[in-house]
Amino acid sequence: MPQIIPQTTTDTTTVPDTTPVPDQPAADDPAGIAAAVATTTATGADPAGVRLVHDLVGHVPSFEDAYASHVFRQGEVLPHVFFWDVVQATVRSFLARDDARDPEPDWRRTLDFLEERCGRGDAVVDEVIVTSFLGDLPSPHEPGHGIVDRLGPVMAARFDRVRPTG
């Protein structure tokens, strides 16, 4: 989990924030999601995209390891980058591959969550889902393309617009 480093200043009239940062995530936040969301939004990332990632991990806890690894590698939450892992895990789950990691995120829960979020009309959330989830689903000649037939009506319509040939 990235550390939040207090900002220091040379202005002697201001006292820097020296609040200690916990080394371990809270027990009710095992992946350290809350701290990472705060860190990422402080660096300028769009809060709606970060919130989408946070909510997805909360809804499908099997993404916690991928999330923790993502934040460790990237230093913050990058929704479009994280969604590459979401696509890969979702397709593996759909295919029920023997080499899948345990526990693999349930593809049905993931699609249901994304369908509900895609139907809310938030432009940032829609951009992440359409660009970095639907756009990265397998092509017709690739294993797992059948997941496209399992998309809900909102995502299916957006998928048809972004990839009319499948």
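# Close-up views of a predicted all-helix chain

**Figure 1. Isoleucine 147, a buried loop residue.** Isoleucine 147 has a relative accessible area of 0%, so it counts as buried. The model shown here is predicted. Isoleucine 147 lies in the loop that joins helix 6 to helix 7. Leaving out residues up to four places away in sequence, the side of the chain it touches includes Thr90, Phe94 and Trp107. Leu111, Leu137 and Pro138 are also touched by isoleucine 147. Leucine 137 is ten residues from isoleucine 147 in sequence. Their C-alpha atoms are 8.1 Å apart in space.

**Figure 2. The whole chain, for orientation.** The chain has seven helices and zero strands. Along the sequence the pattern reads α-α-α-α-α-α-α. Of the 166 residues in the chain, 39% are buried. Take the contacts with a separation of 6 or more: 61% of them join residues 24 or more positions apart.

**Figure 3. Helix 2 against helix 6.** Helix 2 covers residues 47-59, and helix 6 covers residues 123-132. The two pack at an angle of about 60°, with their axes 8 Å apart. That angle makes helix 2 oblique to helix 6. The crossing of helix 2 past helix 6 is right-handed. Helix 2 brings Ala48, Gly49 and Leu52 to the contact. Helix 6 answers with Val124, Val125, Val128 and Ile129. By type, the residues of this contact are six nonpolar, one polar and no charged.

**Figure 4. Helix 5 against helix 7.** Here helix 5 (residues 107-118) packs on helix 7 (residues 153-162) at an angle of about 75°. Their axes are 8 Å apart. Helix 5 and helix 7 are therefore roughly perpendicular to each other. From helix 5 come Leu111, Leu114, Glu115 and Cys118. They meet Pro153, Val154, Met155 and Arg158 of helix 7. The residues of this contact are six nonpolar, no polar and two charged. Leu111 of helix 5 is also touched by isoleucine 147.

**Figure 5. The largest nonpolar core.** This core has 34 residues. Those with the most contacts inside it are Phe82, Phe83, Phe133, Leu134 and Leu137. At least two residues of the core come from each of helix 2, helix 3 (64-74), helix 4 (79-95), helix 5, helix 6 and helix 7. Helix 4 supplies the largest share, six residues. In soluble globular proteins, nonpolar side chains tend to be buried together.

**Figure 6. Surroundings of phenylalanine 82.** Phenylalanine 82 is among the residues with the most contacts inside the largest nonpolar core. Neighbours within four places in sequence are left aside here. Phenylalanine 82 is then in contact with Val53, Leu56, Val57 and Phe63, among others. Ala66, Tyr67 and His70 are also in contact with phenylalanine 82.

**Figure 7. Histidine 70, buried in helix 3.** Histidine 70 belongs to helix 3. Is this residue buried or exposed? Its relative accessibility is 0%, so histidine 70 counts as buried. Residues up to four places away in sequence are not counted in the list of what it touches. Histidine 70 touches Gly75, Glu76, Val77 and Leu78, among others. Val81 and Phe82 are also touched by histidine 70.

Definitions and conventions
Residues numbered from 1 in each chain as written. Predicted model: local features only at pLDDT ≥ 70, side-chain atom pairs only at ≥ 80, totals over all residues. Heavy atoms only, no water. Axes fitted to C-alpha atoms, helices over the stretch in contact; angles between N-to-C directions. Helix = DSSP H or I, 4+ residues; strand = E, 2+ residues; numbered from the N terminus. Parallel < 35°, antiparallel > 145°, perpendicular 65-115°, else oblique. Left-handed = near helix turned anticlockwise from the far one by under 90°. Contact = heavy atoms within 4.5 Å. Nonpolar A, V, L, I, M, F, W, Y, C, P; charged D, E, K, R; others polar. Core = buried A, V, L, I, M, F, W, Y, C linked by side-chain atoms within 4.5 Å. Buried < 20%, exposed > 50% of the residue type's maximum accessible area, 1.4 Å probe, protein only.
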